[in-house]
Amino acid sequence: ATLKRVTGITTIDNKYVVVRSMGERWNQAAMDGINLPSTEAYNNNFSFDIIPTAMVESVVVSKTATPDMNASFAGGYVEVRTKDIPEKDFFSFSWGSSYNSQATFKDFLSRQKGQYDYFGYDDGTRDFPKGLISTSLDNPVFFEQSKQFVNDNFTTYNTKANPGSSFQLAIGRNFEMKNNNKWGFGAAATLKNDPPKLDIAHTGR
């Protein structure tokens, strides 16, 4: 939401940015002067939606490199500057929901779900059995080891996709110390669950 209000950039899926009509991989993301690594496994791309908006002081977009920044970009340098020690205590909580016309409340194929899948953590359902050794397909040990996989991690189940949801909690405190010194902190946590729908033409094992 913060990036949408910045002049000169375009957002994709509310998390990726495009500067000067150049793709996301040509941009460099930074926070307080420190370059941020890519959040994607196969390309140089940063998902800005993982940064809590409650902790953002400003966003600076540079289209030309200057001596004080890393010139590892061709499109734009997007720097997120976080808030300093708060002047006064604050506490905020926000909740949001989203609807995807292609997925929400429609048929949704997925694997067997664990207890904590909604929060992005596995409850042990997908754990590998202990004591496995590396072997070849023609080794009888391979088939004996396959019997240890007792959890059903291959069957697909037909369910309904739920609406997307997001939560954000932010808190800040300011403490007065001796000799006019101050000590404070600001912290925030976000949780987002957005079930997308992918049409896979072919799969096999």
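Residues are numbered from 1 along each chain as its sequence is written, and side-chain values use heavy atoms, without hydrogens and water. In this predicted model, local features need pLDDT of at least 70 and side-chain atom pairs count only at pLDDT 80 or more, while totals for chains, interfaces and linings use all residues.

On a 1 Å grid over the protein atoms alone, a cavity is a set of points where a 1.4 Å probe fits but cannot get out, a pocket is an open set with protein on both sides within 12 Å along at least five of seven lines, and lining residues have an atom within 4 Å of a point. Grid points are joined across faces, edges and corners, and a volume is the space filled by probe spheres set on the points. The search of the whole structure finds 1 cavity of 30 Å³ or more.

| Space | Volume | Lining | Nearest the centre |
|---|---|---|---|
| Largest pocket | about 1300 Å³ | 41 residues | D13, N14, D49, S166 and K192 |
| Largest cavity | about 100 Å³ | 13 residues | E24, N27, A29, N45 and F46 |

The lining of the largest pocket is made up of 41 residues; β5 (56-62), β7 (90-98), β10 (164-176) and β11 (182-193) are the elements that give two or more residues to this lining. Strands here are DSSP runs (E, at least two residues), numbered from the N terminus.

D32, in the loop between β3 (28-31) and β4 (34-35), has a positive phi near 55°. N179, in the loop between β10 and β11, has a positive phi of about 60°. N179 counts as exposed (over 50%) because its relative accessibility is 71%.

Note on methods
Helix = DSSP H or I, 4+ residues; strand = E, 2+ residues; numbered from the N terminus. Buried < 20%, exposed > 50% of the residue type's maximum accessible area, 1.4 Å probe, protein only.
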